[in-house]
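Hello,

Here is the structure I promised to pass on to you. Have a look at it first, and then read my notes on its salt bridges below.

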Protein chains: 2
Amino acid sequence: MKTTVNRYPECDYKGKTRALNDAMELLQGKWKVLIITVLCCRGRKRFTELQQEVEGISAKMLTRELQVLELNQLVQRTVCSTKPVTVQYEITPYGKTLEKIVLQLMDWGLGHRRRIMSATLSVSSLPDSSSLCVQPGS
Amino acid sequence: MKTTVNRYPECDYKGKTRALNDAMELLQGKWKVLIITVLCCRGRKRFTELQQEVEGISAKMLTRELQVLELNQLVQRTVCSTKPVTVQYEITPYGKTLEKIVLQLMDWGLGHRRRIMSATLSVSSLPDSSSLCVQPGS
DNA sequence: CTGTATCCCACTCGATACTG
DNA sequence: CAGTATCGAGTGGGATACAG
């Protein structure tokens, strides 16, 4: 029983894992993909609107995450010099290139919840837990 | 200048963001997607082999992450009762359903690194930094 | 070989109060 | 309205030593 199969031999292995790390690091954290999704699917939003649509996020976190996304060119921030200033956030065309992947992740997550729920149902019922990733502790 | 576009109206918005959270939570952390990638692209591996291929991971982390992946049915663990026991880890057919998404993320990350590098090059050169996500501090 | 157990630091994130 | 500042709890993850 041999273990090393290596269907895809070397082919710049280091560069590829680094690329994966880059992508994951950028999307890491509790909020960034959600913000991206909202901006992708619901269009341009003001700060407060965003905070309402991304359920549970604090102003501090929203600010910080938006800064990262803007620095990485996924989101554009526009200040409107209205009476009290308002700020518009929108996804950039470049940010849009992530939409397809995020939507796939969403679909996968839908199926995963079904799968884990039915696998766990016999033991204990997770009614509507907002998170279901099975952890060693459980 | 109206902000609410709502190209995709309601359509179970809560359920979808929850699904996205499920997926992201499962993949969260420094190592899980890397482990998945290695098992997908390089085939069945023993514990020590995995630790060598996932560069920099400690035994503790590798154990913990593999447990989560196994509990979520992405990875199968098989103990071989050899002289000193050996353990085989392999991706499950279900885990394979993530491969497509992960490979897309990898591609995206490749492009992103190029983009950020060239955008930042004029200011400071990031030679071969293992991570490049642009952060507010920089 | 394949893990576990501990210790520990840094960082994430929430809560709250404050500002232009 | 759109943030910033500060504090503090909890956690992710590294280092090291130990175990079956």
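Let me start with Glu99(B), which is buried, with a relative accessible area of 12%; buried means under 20% relative accessible area, exposed over 50% and partly exposed in between, using a 1.4 Å probe and protein chains only. Lys96(B) is partly exposed at 29%. The side chains of Glu99(B) and Lys96(B) meet in a salt bridge, 3.2 Å from N to O (a side-chain nitrogen of Lys or Arg within 4 Å of a carboxyl oxygen of Asp or Glu). In chain A, salt bridges with shared partners join Arg42(A), Lys45(A) and Glu53(A) into one network.

A word on the background: this is a predicted model, where local features need pLDDT of at least 70 and side-chain atom pairs count only at pLDDT 80 or more, while totals for chains, interfaces and linings use all residues. Residues are numbered from 1 along each chain as its sequence is written, chains are lettered from A and ligands numbered from 1 in the order in which they are written, and side-chain values use heavy atoms, leaving out hydrogens and water.

How many salt bridges are there over all chains? The search of the whole structure finds 14.

Next, find Arg113(A) and Asp22(B): their salt bridge brings the closest N and O atoms to 2.6 Å apart. This pair crosses between chains, from helix H6 (residues 99–121) of chain A to helix H1 (residues 13–27) of chain B; helices are DSSP runs of H or I with at least four residues, numbered from the N terminus. Arg113(A) and Asp22(B) are both buried.

Enjoy exploring!

Notes
Helices (H or I, at least four residues) and strands (E, at least two) are DSSP runs, numbered from the N terminus.
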